[in-house]
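Please open the structure in your viewer and keep the selection panel at hand.

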Amino acid sequence: MATQKEPSELIVCHCEELTVEDLKEAFDYGARSFDDLKRMSRCGMGHCQAKYCYNHTNELLAKWSGVPEEKLSSTNHRTPIRPVPLKVLMEGEST
Amino acid sequence: MKHGVYDAIVIGAGVVGLGITYELSKVQGLRTLTIDQAYPMSGTSGATQAWIWVHSKTPHHYGSLSKASADRYTELQDEIGDIEYIRSGGLSPIFSKDGLLNAKTLQDEMVKANVPVDILDRKEVLEMEPNLSQKIVGATYSAIDGTVNPFKLIQQYHRQAEANGAEFSFYNEVIDLEKTSFGYRVHTQQGVFETEKLILTAGLWSKQIGRFLEVDIPTHTSRGQILVTEPTERLINRVIVGMRQLQNGIILIGFSKEDVGYDRRTTLDVLQDSAKRAVELVPKLSDVKIVRTFSGIRVLPDDGIPIFGEIPEHEHLYVAVTHSGMTLSAILGKRMTELITTGKTSEAMDAYSIGRFQERGMVSG
């Protein structure tokens with residue numbers, strides 16, 4: 001995280017406007033993975049689909065839990081890579 | 001290593017296990033522990049559209065049970081905090097003449113459950129939901145159907161139960177079970193726990209957990225793949241079988257059922273088919289963007305009907321495993337707590353006994 005100043009009010013998930021404090025609350029309640037936090041707070045469920053918040057959230061999780069970032073369970077990155085209209089999805093060829 | 005002695009241990013902290021844990025936590029002096037291999041919402045209960053769906057639950061006794069649960073959610077909304085239970089009404093679209101005949105059969109069955117089902121013609125459907133396709137022939141409709149916010153429901157169950165003194169152990173897998181003179185011994189990765197009563201609510205995993213005590217729980221799996229749209233204008237106001245629109249404008253779409261074991265991947269062919277069906281139903285969806293897809297694995301008892309109750313010849317061993325856990329968690333929590341504390345339920349639950357599989361010779365072994 002870039003700043004040391006007022007970290008609890010720092011916004012981590014911009015799409016859903018969640019702060020460090022919001023995520024800490026979920027962590028304190030037992031969440032231990034990005035997906036736990038996501039389902040508790042909607043972190044990463046917005047337009048960017050965790051592309052912006054994922055690494056920052058994992059840094060926080062690692063700091064709070066004492067588990068190194070590389071040992072944290074990762075989230076599922078799923079189709080689509082970026083938003084796509086249903087009509088395009090329907091017409092694309094399945095391989 | 002942890003250890004402890006409990007009055008009741010619940011294995012599985014999905015919506016069914018937590019609904020039961022919550023109701024048990026209201027019983028004075030009952031010491032309970034709820035164990036899960038992961039964290040609540042990491043499995044089936046976190047990968048759902050979370051309809052509270054009543055009107056196609058046949059036979060009629062299953063309809064009655066589902067209705068009782070829907071009614072219990074209106075109380076829970078006040079009792080445990082906002083779970084966003086919305087009784088929007090639900091439509092099951094019909095696209096053929098045969099579909100209309102089946103609708104009549106369904107309506108007759110649901111009358112016996114006191115569940116109102118209307119058969120709507122095309123005009124009536126479109127008055128209710130103007131964005132549905134003009135090609136629709138009709139629909140069955142019930143005002144009792146609705147939705148809940150699964151994340152809020154589960155967190156409220158968890159928080160309220162914990163506030164009432166329930167204990168939890170997450171990220172702790174059950175590795176063996178043993179019958180003892182006192183009750184049951186639960187071996188976990190993090191320690192050994194003793195309990196008088198043991199309740200199996202492990203959804204998909206119940207079958208494997210049951211085997212520790214040589215109990216056969218006849219279930220199979222059914223994967224559902226879901227598309228998530230961007231927030232968009234209000235296109236539908238009720239649950240339309242296959243989709244719902246959340247308060248924030250996001251639409252969840254899913255029609256698929258695949259028996260692929262525990263494989264939670266999403267696949268392009270199924271997603272494309274789901275997109276086609278959604279656009280056939282609501283043509284305006286064609287221009288709406290998908291931002292995400294996900295999948296969840298449902299558990300299905302082999303005959304489709306909930307499995308609930310004390311297991312014959314296994315004193316103080318109980319099971320609650322069902323499809324539609326979201327719809328049923330409220331009532332199963334209540335009924336299981338009655339059973340645990342008084343030895344019987346306020347309404348007959350015989351139809352859901354696991355003993356029925358033995359009688360029919362359906363045990364898969």
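The model is predicted. Begin with chain B and colour its two domains separately: domain 1 comprises 2–48 + 151–218 + 303–359, and domain 2 comprises 89–144 + 220–301. Between the centres of domain 1 and domain 2 of chain B, taken over C-alpha atoms, the distance is 31 Å.

Next, select the residues at the boundary of these domains. On one side, 19 residues of domain 1 of chain B are in contact with 12 residues of domain 2 of chain B. Together the two domains of chain B bury about 1,200 Å² between them, and carbon and sulfur atoms give 66% of that area. Now display Ala47(B), Leu204(B) and His323(B): they supply 45% of the area that domain 1 of chain B buries against domain 2 of chain B, more than any other three residues. Coloured by class, the side of domain 1 of chain B that touches domain 2 of chain B shows eight nonpolar, nine polar and two charged residues.

Which polar interactions cross this interface? Between domain 1 and domain 2 of chain B there are six residue pairs in polar contact, whereas the number of salt bridges found is zero.

Finally, centre the view on Thr322(B), in the loop between strand 18 (317–321) and helix 8 (325–342) of chain B. Thr322(B) counts as buried because its relative accessibility is 7%, under the 20% cut-off. Beyond its neighbours within four places in sequence, show its contacts: Val16(B), Tyr62(B), Val299(B), Pro301(B), Pro306(B), Leu328(B) and Leu332(B).

Methods:
Residues numbered from 1 in each chain as written. Chains lettered and ligands numbered in written order. Predicted model: local features only at pLDDT ≥ 70, side-chain atom pairs only at ≥ 80, totals over all residues. Heavy atoms only, no water. Domains from an automatic or database assignment. Contact = heavy atoms within 4.5 Å. Buried area = accessible area lost by both parts, 1.4 Å probe. Salt bridge = Lys/Arg side-chain N within 4 Å of Asp/Glu carboxyl O. Polar contact = N/O pair within 3.5 Å; in protein donor to acceptor, adjacent residues only side chain to side chain. Nonpolar A, V, L, I, M, F, W, Y, C, P; charged D, E, K, R; others polar. Helix = DSSP H or I, 4+ residues; strand = E, 2+ residues; numbered from the N terminus. Buried < 20%, exposed > 50% of the residue type's maximum accessible area, 1.4 Å probe, protein only.
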